[in-house]
Amino acid sequence: MNELTCEGCNVCGLVCPVAGTITLEEVRSGVIRKATTKYGFPLISAQLDVGRPESGKLVTEEKEWASKLMKELNLEHMIVDSAAGIGCQVIASLGGADVAILIAEPTPASLSDVQRAYKVVQHFGEPAYLIINKADINPGFTGLEEWAEKEGIPILGRIPYYRVVPKSMSMLKPVVEAFPEAKALKAIVEIAETIKKEILE
Ligand code: SF4
């Protein structure tokens with residue numbers, strides 16, 4: 001067994017014809033942290049140790065922490081900010097979700113990525129919504145909106161590209177706080193209102 005590639009799924013232990021030959025031992029894969037943000041909501045985050053492959057298991061563990069916290073604090077909703085792509089951590093993020101919100105940009109590469117992610121969403125049978133980020137960077141490209149319409153995926157909103165968004169990230173502040181006058185802000189607030197009204201309520 002290779003320590004750097006073993007995901008700890010125990011399939012080898014189940015299929016091995018000699019019972020008890022393969023056993024799993026607990027090892028450290030990373031850290032999970034719990035905090036309360038200055039905005040008043042709890043946040044669970046995790047960091048995988050360098051070289052460890054168990055990203056999906058770490059996300060699953062994070063979600064278990066979050067579920068316990070929801071019960072303790074009597075909270076109604078859990079928002080999981082998934083990694084991009086279709087890897088283990090994305091599958092773990094989507095598992096058990098009530099709704100999936102896909103975020104894509106109007107480019108052929110982003111369309112291809114979101115189509116693959118949508119297949120994972122379909123596997124779980126979850127309703128999907130789409131947010132178009134950097135909506136104005138490629139005006140001639142209509143493929144993303146056409147695909148969403150063909151699949152019947154409602155578009156929650158379109159966020160224009162604005163340089164202050166990456167700048168606010170480098171300041172470790174939400175854009176709505178760092179640059180309240182930014183034009184992207186209006187779209188973000190409208191999307192938040194739509195999510196509240198159409199999905200959460
Ligand atoms: S536990 Fe799973 S990932 Fe690890 S060696 Fe066995 S089958 Fe492979």
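## Surroundings of R52

In this predicted model, R52 is in contact (heavy atoms within 4.5 Å) with E3, V27, R28 and S29, leaving aside its neighbours within four places in sequence. Local features need pLDDT of at least 70 and side-chain atom pairs count only at pLDDT 80 or more, whereas totals for chains, interfaces and linings use all residues. Residues are numbered from 1 along each chain as its sequence is written, and side-chain values use heavy atoms, with hydrogens and water left out.

R52 lies in the loop between β2 and α2; helices (H or I, at least four residues) and strands (E, at least two) are DSSP runs numbered from the N terminus. R52 counts as buried because its relative accessibility is 13%; buried means under 20% relative accessible area, exposed over 50%, and partly exposed in between, with a 1.4 Å probe and protein chains only. The R52 side chain also makes a polar contact with the side chain of E54, at 2.5 Å. Such a contact is a pair of N or O atoms within 3.5 Å; within protein, one must be able to donate a hydrogen and the other to accept it, and residues adjacent in sequence count only if both atoms are side-chain atoms.

R33 stands opposite S45 in β2. Five residues separate β1 from β2 in this hairpin, and G40 in the turn has a positive phi of about 95°.

## Helix α2

The buried residues of α2 are S55, G56, L58, V59, E62, K63, A66, L69 and M70. They cover an arc of only 155° around the axis, so they lie on the same side of α2; the arc is that of the directions from the helix axis to the C-beta atoms. These buried residues pack against β1, β2 and α3 (88–94). On the other side of α2, K68, K71 and E72 are exposed. N74, which follows α2, has a positive phi near 55°.

## The aromatic pair

The structure holds one aromatic pair. The ring centres of Y118 and W147 are 5.5 Å apart and the planes stand at 90°, so the pair is edge-to-face. Rings of Phe, Tyr and Trp (its six-membered ring) pair if their centres lie within 6.5 Å; planes under 30 degrees apart count as stacked, over 60 as edge-to-face and the rest as tilted.

Because Y118 lies in α4 (residues 108–124) and W147 in α5 (residues 143–151), the pair ties together parts that are 29 residues apart in sequence. Both Y118 and W147 are buried.

Key: Pairing = 2+ DSSP bridges.
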